[in-house]
Amino acid sequence: MDLSKVKDDRKLEICRLYYKGGFAFLPFLWAVNFVWFYRDAFQRPAFEEQKQIKRYVIFSGIGALIWSIALTTWIVIFQKYRVDWGTVGDELTFLIPSGSL
């Protein structure tokens, strides 16, 4: 999507939609929102909708960062302790490694 061709009020609508979409357990939308609208929020000359876009961009970045930290923490803990958890670890595993022969 080429945001340079989109009017500022439509940018605000898209930014708000992606921000709210992130709350539906879609943190990738927050990351995309942050990347797409960063320039409009912080590097462009001031315009009417900029204050609201800036707020959505900041909160989207924070939300994406928190989700990334939480997901990375879960992956590390799961990989480290899956075997120790016994059957619970096996039930949480989608593909059980076959090991070496």
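Q: How far apart are the end C-alpha atoms of residues 21-38, and what percentage of that span is helix or strand?

A: A helix here is a DSSP run of H or I, at least four residues long, and a strand is an E run of at least two, both numbered from the N terminus. The ends of 21-38 lie 18 Å apart, with 78% helix and 0% strand. This is a predicted model, where local features need pLDDT of at least 70, side-chain atom pairs count only at pLDDT 80 or more, and totals for chains, interfaces and linings use all residues. Residues are numbered from 1 along each chain as its sequence is written, and side-chain values use heavy atoms, leaving out hydrogens and water.

Q: Which residues does UniProt's "transmembrane region" annotation cover?

A: The unreviewed UniProt entry lists 21-38 and 58-78; such annotations may be inferred rather than shown by experiment. Residues 58-78 are 100% helix and 0% strand, with end C-alpha atoms 30 Å apart.

Q: Which residues of H3 are buried, and what do they pack against?

A: Buried means under 20% relative accessible area, exposed over 50%, partly exposed in between (1.4 Å probe, protein chains only). Among the buried ones in H3 are Ile-53, Tyr-56, Val-57 and Phe-78. The buried residues of H3 pack against helix H1 (8-22), H2 and helix H4 (87-92), with contact meaning heavy atoms within 4.5 Å.

Q: Where is Trp-36, and how exposed is it?

A: Trp-36 sits in helix H2. Its relative accessible area is 31%, so it counts as partly exposed.
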